[in-house]
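Subject: Structure handover

Hello,

Here is the structure for you to open. My notes on what was found follow below it.

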Amino acid sequence: MNLIILLLPIIAIVLMFRSQKKRQSQQQQMQTSLEPGAGVRTIGGLYAQVKAVNDETVELEIAPGVVTHFTKSAIAAVLDPQEYDAIINGRPGDDELPEPEAEDADAAPVEDKALSLTKDSAEKGDAEGGAPASK
């Protein structure tokens with residue numbers, strides 16, 4: 001029983017270090033795979049396009065003609081071209097196209113009645129669809 005109590009925290013620590021090392025290697029691989037023209041998201045949530053990759057920094061175009069310098073560690077994700085285009089230009093992807101709404105045959109038709117904000121309708125009260133008379 002005492003052996004289990006001692007081994008359980010050691011196993012948990014080993015698993016935590018292993019998952020952290022895995023995340024670090026994925027981040028390193030993503031940073032080395034950066035290339036000009038790729039769409040990226042920074043850790044601050046800024047979407048930009050890679051213009052140049054240097055040893056420690058990346059030049060990002062955040063708007064047409066506006067280029068900024070970021071460290072490679074500031075890049076949170078490299079986006080697919082379709083995903084980047086959808087985010088920047090607001091275009092839905094192929095699988096995100098809105099479906100036409102089917103009308104429900106059982107639903108009662110809704111009457112479109114114009115709302116009147118005149119004093120006449122206030123004097124009529126709720127009986128005829130106007131606002132209740134104020135006193």
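Start with the sheet. Five strands make up an open sheet, ordered β4-β3-β2-β1-β5, and the pairing is antiparallel. The edge strands are β4 (66–71) and β5 (75–79), each pairing on one side only. From one strand to the next, the twist averages 45°. Helix α2 (residues 81–89) packs on this sheet and touches β1, β2 and β5. The direction of α2 makes about 130° with that of β2.

Some ground rules. This is a predicted model, where local features need pLDDT of at least 70, side-chain atom pairs count only at pLDDT 80 or more, and totals for chains, interfaces and linings use all residues. Residues are numbered from 1 along each chain as its sequence is written, and side-chain values use heavy atoms, with hydrogens and water left out.

The terms used above are these. Helices (H or I, at least four residues) and strands (E, at least two) are DSSP runs, numbered from the N terminus. Two strands pair if DSSP finds at least two bridges between them. Axes are lines fitted to C-alpha atoms, for helices over the stretch in contact; angles run from 0 to 180 degrees between N-to-C directions. Contact means heavy atoms within 4.5 Å.

Now the strand pairs.

- β1 (residues 39–42) and β2 (residues 47–53) run antiparallel and are joined by three bridges. V40 has A48 in β2 as its bridge partner.
- The hairpin of β1 and β2 has four residues between the strands, and G45 there takes a positive phi near 90°.
- β2 and β3 (residues 57–63) also run antiparallel, with four bridges joining them. V50 stands opposite L60 in β3.
- The hairpin from β2 to β3 runs through three residues.

Next, the salt bridge. The structure holds one (a side-chain nitrogen of Lys or Arg within 4 Å of a carboxyl oxygen of Asp or Glu). The side chains of K51 and E61 form it, at 3.0 Å from N to O. K51 lies in strand β2 and E61 in strand β3, so the pair ties together parts that are ten residues apart in sequence.

Are the two partners buried or exposed? E61 is buried, with a relative accessible area of 18%. K51 is partly exposed, at 40%. Here buried means under 20% relative accessible area, exposed over 50%, and partly exposed in between (1.4 Å probe, protein chains only).

What else does the side chain of E61 reach? The backbone nitrogen of G65, at 3.0 Å. The E61 and K51 side chains are also listed as a polar contact of 3.0 Å. A polar contact is a pair of N or O atoms within 3.5 Å; within protein, one must be able to donate a hydrogen and the other to accept it, and residues adjacent in sequence count only if both atoms are side-chain atoms. Leaving aside neighbours within four places in sequence, E61 is in contact with A48, Q49, K51, V66 and V67.

Last, M30. This residue lies in helix α1 (residues 2–32). M30 counts as buried because its relative accessibility is 13%. Which residues does M30 contact, leaving aside neighbours within four places in sequence? They are I75, A76, A77 and V78. M30 and A76 are 46 residues apart in sequence, yet 8.9 Å apart in space, C-alpha to C-alpha.

Best wishes
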